[in-house]
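Here is a short walk through one protein model. Look at the sequence and the structure, then read on.

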Amino acid sequence: MQHHKIVVALGGNALEERGTEPTAENQWKTVRRAAEHLAELSQAGHEIAIVHGNGPQVGRILLASEAAADITPPLPFDVCGAMSQGYIGYHIQRAMKEALLARELGRIPVVSLVTQVLVDEADPAFQNPEKPIGAFCSREEAERLSREKGYVMREDAGRGYRRVVPSPRPQMIVEFETLRRLWDSTIVVLCGGGGIPVVKSTDGHLRGVAAVIDKDLAAGLTARSIGADLLMILTEVEYAAAYFGTPKQMNLTHLTTAEARHYLEEGHFAAGSMKPKVEAAIEFAESAPGRQSVITSLENAGRALRERTGTWIMNA
């Protein structure tokens, strides 16, 4: 099997199991299971870096901070993002080390990197928030939060209402040089939650902003920047599908970027769900000759590389 230089985008299902209480203990159990599949990639000789989401976690950190406002000042949104990077990264690096030790690969270091990502303050996303964060709630609760806290609340995939915040496109990884130096020796967990979004002030200094960068786009940027040959986007389903959830559902296996864009333009992929994954996969595959993307489930990560299951997207 060919060895790949892979950036893995780890979906929320690898951090929280749907239907369980969203506690740190339950997240740890879920991350341990995820690490088994990621360690399989290292055991097969692939070089990997890991990018993860933080939508539910950063929302809960923010809510906890606001709930304690009468005791201590609420934390800024960018600081909440950094906190989510720290505790999710800690779980991933600890679980990965355990999984690697079990495979006699304990010599491979794992480190999580608090990562800032530069965005454009003029990005239109700041005028049109659409990135869901935090827990699901009822319509009545959403109306109350909108009224009392000024949150923008939207229905999310038929599962309830969630707060939405701006999701600007990532421009540059501020700590990229650190990743470059570590790549050959270390599994790096970075750009947690898409990275802490920062803008450059007129004096050249960086300033955090209230937004959440899409982690799949951040993973694509990471993969392009480091010169990876594969972007692996891991989610809850084995394949991206056309006509998803209908009797006409058609699992997509091998697509050119033109074919993937066609399905995208026809509206087959839901915003906030499969759509950004396909967009990131297309963008990476088109960025240089020989680059490919695969979208599949966490459980099929190793099998995708051996048997080419999942949805593979490549430039024609």
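Ala, Val, Leu, Ile, Met, Phe, Trp, Tyr, Cys and Pro count as nonpolar, Asp, Glu, Lys and Arg as charged, and the others, Gly among them, as polar. The model is predicted, so local features need pLDDT of at least 70 and side-chain atom pairs count only at pLDDT 80 or more, while totals for chains, interfaces and linings use all residues. Residues are numbered from 1 along each chain as its sequence is written, and side-chain values use heavy atoms, without hydrogens and water.

Start with a pocket. On a 1 Å grid over the protein atoms alone, a pocket is an open set of points where a 1.4 Å probe fits, with protein on both sides within 12 Å along at least five of seven lines; lining residues have an atom within 4 Å of a point. The lining of the second largest pocket includes His46, Glu47, Trp183 and Asp184. Its residues divide into four nonpolar, five polar and two charged.

Now the sheets. Helices (H or I, at least four residues) and strands (E, at least two) are DSSP runs, numbered from the N terminus. Two strands pair if DSSP finds at least two bridges between them.

Four bridges join E5 to strand E7 (residues 161–165). Pro132 stands opposite Val164 in E7.

Another open sheet has four strands in the order E8-E4-E10-E11, with mixed pairing. Its edge strands are E8 (172–173) and E11 (206–208). Strand E4 (residues 116–118) and E8 pair antiparallel over two bridges. Here Val117 stands opposite Ile173 in E8.
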